[in-house]
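Subject: Structure handover

Hi,

Here is the structure I promised to pass on to you. My notes on what turned up in it follow below.

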Amino acid sequence: METNLTRAECRRRSDDVTLSSYRVEIDVSECTDPGVATFPTTSHIDLASRSGQVTLDFIGEVTGVEVDGERREVDADGARVRVEVPAGRSCTLTVRGNASYSRSGEGMHRFVDPADQRVYLYTQYEPSDSRRVFPCFEQPDLKAEFTFAVTGPDDWEIRSNGAEVSRDATGDNAAGMACSTRTFATTPPQSTYLTCVIAGPYRRWDDSWSRTIDGAALEIPLALLCRESLASAFDPETLFALTKEGLEHFHDRFAHPYPWGKYDQIFVPEYNLGAMENPGLVTFADESYVYESAATRSQLEGRSNTLMHEMSHMWFGDLVTPVWWDELWLKESFADYMGTAANALATEYTDAWTPFCARRKAWAYEQDQLPTTHPIVADIPDIEAARQNFDGITYAKGASVLKQLVAYVGTEEFYAGARRYFREHAFSSTTLPDLLAPLEEASGRDLGPWVEQWLHTTGVSELTPRVTLAEDGTIAELAIDQAGSGENGDVWRDHRLVVGLYERAEDDTLHRTSRLELDVSGEVTVVAEATGLPAPALVVVNDDDLTYAKVRLDPQSHATLRETFAVESSLTRACLWSSLWQSCRDALLPAAEYVDLVCRHAPGEGHVALLAGALANAVVAARDYAPPAVRAELERRLLDFCADRMRAAEPGSGVQLVFARVFADVALSCDARAEEIRAILDGEEQIEGLPLDSMMRWSLWRALAATGHATIDDLDAERARDTSSPARIRHLTAVASRPDAATKAADFAEVVDDSALSNEEVSARTVGFSTPGHGTLTQRYLEPYLEALLPVWRSRSQELATRMVKGFFPAADLTPGGRVEEHPVVVAIRGWLAADEDAPAALRRLLVERLALLERALRAQAAA
């Protein structure tokens, strides 16, 4: 059974098939019975085929096929259904079958809440898993109208993209629950991967938003849903307020009425993504966005950003959809940009571009420096490749480049082009030229050169200031050197950016004395406006973070930052933290020096996102980039530093919470404060303001377990005390983190041999197995890991297999005088890649990326 779908076969199908509508009938009335593994599903599809030879996609058992009510012989292989239909005329094709409930978060996911044993269902399809739930044409350009009819318990919340329009009783299920079939309003044309069904005893809150547009009243019903066990932690008032702010913003900017009727947002368990833009029924990961434990302002900003991201998709991605996954950026890059822009302009999070620089662009820079990097407009030959390209390039680099485009063409011109794009292509599918034409018309610019530089090339631009002083101490010349990027190092991009010049005051604060906005192009750009200005203590290239580039610091600026980081603008500080971290990753700044800078300046960093990012990077520097000989010292310094700061920080503040979380993280591999942690957990020591909620307690218990200071009985006792829904996975992760050979063997065997594990159970096992500091226990698994790769990849869904490949990838350290290319792990992984050239491309990509990250760490160790 071949489940991969190729671009070529989908294009042939697009040329052959014309779709009108689907009616999809799903019966989940017996889902509460754990012995029931499948559910009945039926698709009635109105279509026409030129050839008369139709192939549908369905991963399940086909029980019947009809064409215009006439039965046909079933020709199905578990992934594709082949049917002969009348050539050249419309017909109704009916395919009946049984689909499987999922534990992997793909298709129809079934979850039993450990807090109360209630059963919850939801679907997740992107890019190609609607075929796990109903027979369909699984490609984005074959849009159609959808009518869903779902049978399930009558007292449950059952929802789909459209509003419920009728309900018919069907009798009791085997458990005695009264059931009914609910039919939902027919949707406008949309892609299969955007359809959605949820069912379960979810708690629901209702509201509405209205506005007059061109003299007509538009009213959108709003709903929020989450599991019953999380209802007490849910904050519907905040989420409704954000939703209304977003709808106001996007209607102002896009001038195109919301096209999907209602707007439901549901928070679901064991979710593989952050969220998904299903029209009229947006799904979110409840683990990430329902705060049953304490949350920082940075987390709240991130949730708001995700909400805006998904809302912008109602236009970019849902109303207008890419023809194929080559053009994935047409929705994800835009949503990533629009989410942050809306957050900054429409909500209280006016500093949203600061965490964008700190988090999203950091993701892009890392991805873009891997050997598997790709252009923003990528070549996606099949679905497996598409799954891999939901990455830092498509999202964060694309969004960063769009920010540069807006600076290049102008904000109003950019939105004017977007409005025309929606008018001309509503409910259809597009490619890059369809967007460029309205943008060029609105801005009056030829975007061809910009597209070639930014969308069709790879790699990160690198910009370095070079300051020459005159005899009187003023600037004789300020030049910006651009290192070539791309595969051959021969790409020099044009950048619209800001250079900030800063002076150092007597109180050690840094003040921007000059803001120079200019275009940088080619290998060298002279900043003419800087000549004659006073010598700066600090030069910030790409101040305001308009462009996408790694920025180096000149020697004077680096010396200044060793002594003071007191810059008022959080966005400027984000750029400076980014510059320092990139230098550490590139082995230009020793890990020990980076850790020193963080410990020196973190107490003065009041922006929680920047503080969390700098501290997290410091942990990586200490564990991965520092030579093994100094690692223990650096970890102990970070542990002591965070312990002191969580006590010194304002009680109950986000800053205190960040220091406490990093303290628990470092304690996984440094047990110097194990007794102190035990005292905190036992209540013998209380830290004012620090919430000892479920997440914090399990972080501390895992640290004790990982260093051998907690027993199974300790962890089981905590599990008995904590009956919250997340406790089961947190307990499993802590148990899997114990530092003994038997635990490692059990972790490895469970993931490799047990195909029934859920997505979250696989992650708990692999996270525990790969606990920092356990390298001597896991190093013997290198060969078993390599031997398991292909069997696991072939026997599991791509989501579960990916978690295993990443989670068990071996850690390694460089011995003194050792060579990176001769390291046993490097040799073994390269040997596997050489011997298994025919392995699935997606699997090979994962290994190549993990290997590149390992080699980067080893090079940093060698250079320190």
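First, a term: two residues are in contact when they have heavy atoms within 4.5 Å of each other. This is a predicted model, in which local features need pLDDT of at least 70 and side-chain atom pairs count only at pLDDT 80 or more, while totals for chains, interfaces and linings use all residues. Residues are numbered from 1 along each chain as its sequence is written, and side-chain values use heavy atoms, with hydrogens and water left out.

Let me start with Glu-605. Leaving aside residues up to four places away in sequence, Glu-605 touches Arg-573, Trp-577, Leu-610 and Leu-611. Glu-605 sits in the loop between α14 (591-601) and α15 (608-625); helices (H or I, at least four residues) and strands (E, at least two) are DSSP runs, numbered from the N terminus. Is Glu-605 buried or exposed? Its relative accessibility is 4%, so Glu-605 counts as buried (under 20% relative accessible area; exposed is over 50% and partly exposed in between, with a 1.4 Å probe and protein chains only). A polar atom of the Glu-605 side chain lies 3.0 Å from the backbone nitrogen of His-607.

Next, strand β9 (residues 119-124). Six of its six residues are buried, so β9 is largely enclosed by the rest of the structure. In a regular strand, side chains alternate between the two faces of the sheet. Both faces of β9 are covered, with Val-119, Leu-121 and Thr-123 buried on one side and Tyr-120, Tyr-122 and Gln-124 on the other.

As for its neighbours, strand β8 (residues 107-112) runs antiparallel to β9, and six bridges join them; strands pair if DSSP finds at least two bridges between them. Gly-107 has Gln-124 in β9 as its bridge partner. The two strands form a hairpin with six residues between them, and Gln-117 in the turn has a positive phi of about 65°. β9 also pairs with strand β14 (residues 197-200), antiparallel over two bridges, where Tyr-122 stands opposite Ile-198.

Finally, there is an open sheet of five strands in the order β15-β16-β17-β19-β18, with mixed pairing. Its edge strands, β15 (203-213) and β18 (275-276), each pair on one side only. β15 is joined to β16 (residues 216-226) by 11 antiparallel bridges, and Ser-208 stands opposite Pro-221 in β16.

Happy browsing, and do write back with any questions!

Technical notes: Polar contact = N/O pair within 3.5 Å; in protein donor to acceptor, adjacent residues only side chain to side chain.
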